[in-house]
Amino acid sequence: MNEFFSPLLDPQHAKEHIDQFPSPQGPRSLYDSVCYCNRCNVCAQSCPTFRLKQDEFFSPRGRNQIVRLVLEGKFKIAPYRQEIENSMASCLLCGACAAACPGKTPTAEHVLEMQRALKSRPLPILLYKILSWRTSAPQLFEVVLNIGRLARNIGLIKLMRISQMTRLPFLRWINHADDILPKKTQFLHHYLHQQTPPHNPDVFYLPSFEAAYLDGSLGLAAWQKLQAKHPQVLWGLSSGLFEYVYGSVRRARYAAQKLIIAAGTGTAPVVTDSADVFFFIKNYPRLFARHKTWEKKARRLAERVRFIGEYLPKQAAAEKYGRVQLDRSALFNFEQDAFEKTEKKFRFIFKKNLLHYGYRDTPTPPFGYAFRKGNLAQEVCFCRVKDIARTQTDTVFFLSGLSALELNYWLKKYYPGAKAEHIVRLNG
Ligand code: SF4
Ligand code: SF4
């Protein structure tokens, strides 16, 4: 099929592209993988963007067909670039379609590959630059974040908003960041700086971006769940998920290599508080398909990675949470394991008060989706809030801190009776 490959999606460009896509039959090339979509449309009703728009361009089937036709050279990018970009940028990468698909077609992965090929810049450039410094210039990143935190604490950001400075196109993202972040943001460092790192840790704790830098109390709650196992925190490291989604495969590999080296060759589990990061590390070997030594190392880390849900208490003061939902949003959610294990625990704790989360329930947009160009975050979140109000849910638990922050903002706006929490907050 090589003669069909558009030069933009040529898998020979190993640095910028991924060349193995997960399928139930094992790793596949992009073309093979996209051809598994037989256009049956079973997934349509599971896709939040299709339900909103009722337009093929916003459906999993439509997105797969765009990638396939571009690969076959039957759909020229130039005249339809804007439409294609909108179709790809509006995908939540939630993977709800893959979970519903009989062939488990990984549409979110195809969408990302198309975005890499189009070299679209989904995030505002200033925000992208700052966030990419997390792996390329970690010290500068912390300085910039500290300046932002200080500006917020002394009311400078509020002043910028009142004076309408944040209406400038390259500063517009500040409005939403200011809206969703907790009133006082604190680094995880701040809470744990007096802890001496253990000599023989039984586990490593890899804090997510939000737990390390945006809401340190979330990281502290996760760390406390692991405290009996003498956790060693893996400071200043990223899984590479941000780079994978917004940057390039090459940068994601670089971040992953740093993490693999820091975690060492031992057998201690590496625990993370974000389901998105957990799924991504589970799929590390694909990043190194052409680098046999690193692939082996990546596989070993993928076997060691654990989700914090496994370390939750078996008992909790269930009555204080009222009617509860466990939100299933996460990037590339075609591996259901982390959810199922957590759901089992929640079913035991909350019994009848744990409400069913069906495949047609809207997932909350994950991982900074609301900052992407062409996103449908407002409409999607509004649907999510309607689901919550309809079922009279009191608490929505999340497996990722960023989604909880996002939904809390919309809940405060439209349905303040309910709140969103990360699962590590169970029991306070
Ligand atoms: S992604 Fe799967 S469910 Fe959706 S149209 Fe393609 S084959 Fe059918
Ligand atoms: S990943 Fe989510 S938003 Fe994207 S096509 Fe699939 S269901 Fe729709």
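Start by selecting Tyr205: this residue stands opposite Val233 in β2. You are looking at a predicted model, in which local features need pLDDT of at least 70 and side-chain atom pairs count only at pLDDT 80 or more, while totals for chains, interfaces and linings use all residues. Residues are numbered from 1 along each chain as its sequence is written, and chains are lettered from A and ligands numbered from 1 in the order in which they are written.

**Stop 1: around β1**

Select β1 (residues 203-206) and β2 (residues 231-233). They pair in the parallel sense over 3 bridges. Two strands pair if DSSP finds at least two bridges between them. Strands are DSSP runs of E with at least two residues; helices are runs of H or I with at least four, and both are numbered from the N terminus. Pick Leu206 to find its bridge partner in β3, Thr272.

**Stop 2: the three domains**

Color the chain by domain: domain 1 is 2-118, domain 2 is 126-309 and domain 3 is 314-425. These bounds come from an automatic or database domain assignment. The centres of domain 1 and domain 2, taken over C-alpha atoms, are 28 Å apart. Their contact takes 12 residues from domain 1 and 8 residues from domain 2. Contact requires C-beta atoms, placed from the backbone, within 7 Å of each other. The side of domain 1 that touches domain 2 has 6 nonpolar, 2 polar and 4 charged residues. Here Ala, Val, Leu, Ile, Met, Phe, Trp, Tyr, Cys and Pro count as nonpolar, Asp, Glu, Lys and Arg as charged, and the others, Gly among them, as polar.

**Stop 3: ligand 1**

Select ligand 1 and its shell. It is surrounded by 15 residues, where a residue counts if its C-beta atom, placed from the backbone, lies within 6 Å of the molecule. The closest are Cys37, Cys40, Cys43, Arg61 and Cys101. Which helix gives the most to this shell? Helix α3 (residues 60-71) does, with 3 residues. By class, the shell around ligand 1 has 7 nonpolar, 6 polar and 2 charged residues.

**Stop 4: Gly62**

Stay on α3 and pick Gly62, which lies in this helix. Buried or exposed? Gly62 is buried, because 20 other C-beta atoms lie within 10 Å. The cut-off for buried is 20 or more such atoms within 10 Å; exposed means 12 or fewer, and partly exposed is in between, with C-beta atoms placed from the backbone. Leaving aside neighbours within four places in sequence, Gly62 contacts Glu56, Phe57 and Ser87.

**Stop 5: ligand 2**

Select ligand 2. Its shell has 15 residues, the closest being Cys47, Pro60, Cys91, Cys94 and Cys97. Show α2 (48-53), α3, α5 (96-100) and α6 (107-118): these elements give two or more residues to the shell. By class, the shell around ligand 2 has 10 nonpolar, 4 polar and 1 charged residues.

**Stop 6: the open sheet**

Go to the open sheet of 3 strands, ordered β5-β6-β7 with parallel pairing. β5 (324-326) and β7 (419-422) stand at the edges with a single partner strand each, so one side of each is left without a neighbour in the sheet. Neighbouring strands are turned by 25° against each other on average, direction ignored. Show α21 (residues 401-414): this helix packs on the sheet, touching β6 and β7, and its direction makes about 170° with that of β7. Axes are lines fitted to C-alpha atoms, for helices over the stretch in contact, and angles run from 0 to 180 degrees between N-to-C directions.

Now trace the bridges. β5 and β6 (residues 395-398) pair over 3 bridges. Val324 partners Thr395, and Gln325 partners Val396. β6 and β7 pair over 4 bridges, and Phe398 has His422 as its bridge partner in β7.

Finish with the faces. In β6 both are covered: Thr395 and Phe397 on one side and Val396 and Phe398 on the other are all buried. β7 has a covered face, Ala420 and His422, and an uncovered one, Lys419 and Glu421.

Key: Two residues are in contact if their C-beta atoms, placed from the backbone, lie within 7 Å.
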